[in-house]
Amino acid sequence: MGRRQIRCHGDEGRFEVVAQYIYQRYGDSIEYIADVAGGQGLLSRILNKKYNYSAEVIDPRGNTLTGVPSKQADYAPEMAPFYDLIVGLHPDAATRAVAQSALYRPVLLVPCCNEWDKSQKLGSRELVQSIVDYFNNLGIPNETVEFDIKKPKNIGIITGALS
């Protein structure tokens, strides 16, 4: 029995870059991570094996790699209290739910496409700014971070206790 072929759209290095960022920022102060719309679970796999977190993919598609903890479900913000950190790395249709999770837990959101507000055409920077405005309007502390991954989908927003 052979290994399943891993197919990845976009910058394959993004998973390691984001996992390393999470570890450098949070270290041992967190344990449980929700990897929302995490697809095959490449980010969760690195977080679990390299950094010893308990990360699980929450994705309705249910196509995670063998050995990667996952829930085949649509993510809802009400799930956030069960985790220490909610991560949405290019979460597509789950972008709004990930952002709303900041009402409960720290969030790391790197949006990829405008699933935020389909009433307007938003480029990458405008999309990030619109989400930042949402957090600001709710009084949720946030900051943006630019990841060393291929542009234009490389800007993330962090909420919660800021460094």
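## A guided tour, from Arg61 onward

Begin by selecting Arg61, which is partly exposed with a relative accessible area of 49%, where buried means under 20% relative accessible area, exposed over 50% and partly exposed in between (1.4 Å probe, protein chains only). This is a predicted model, in which local features need pLDDT of at least 70 and side-chain atom pairs count only at pLDDT 80 or more, while totals for chains, interfaces and linings use all residues. Residues are numbered from 1 along each chain as its sequence is written, and side-chain values use heavy atoms, with hydrogens and water left out.

Asp59 is buried, with a relative accessible area of 2%.

How many salt bridges does a search of the whole structure find? The search finds four, and another of them joins the side chains of Glu56 and Lys71 (3.7 Å, N to O). Glu56 lies in strand β2 and Lys71 in strand β3 (residues 70–71), so the pair ties together parts that are 15 residues apart in sequence; helices (H or I, at least four residues) and strands (E, at least two) are DSSP runs, numbered from the N terminus. Glu56 counts as buried at 17% relative accessibility, whereas Lys71 is partly exposed at 37%.

Next, select Glu16 and Lys50, whose side chains meet in a salt bridge (3.0 Å, N to O). This pair links distant parts of the chain, with Glu16 in helix α1 (residues 14–26) and Lys50 in the loop between α2 (42–49) and β2 (54–58), 34 residues apart.

Move on to Val87 in strand β4 (residues 85–89), which is buried with a relative accessible area of 1%. Leaving aside neighbours within four places in sequence, Val87 is in contact (heavy atoms within 4.5 Å) with residues including Ile22, Val36, Leu43 and Leu108.

Finish at helix α4 (residues 124–138), whose 15 residues should span 21 Å at 1.5 Å a residue, and whose end C-alpha atoms are 22 Å apart, which agrees; the expected span is 1.5 Å times one less than the number of residues. Among the buried residues of α4 are Leu127, Ile131 and Phe135, and what covers the buried residues includes α3, β5, β6 (142–146) and β7 (155–159). After α4 comes Gly139, whose phi is positive, near 75°.
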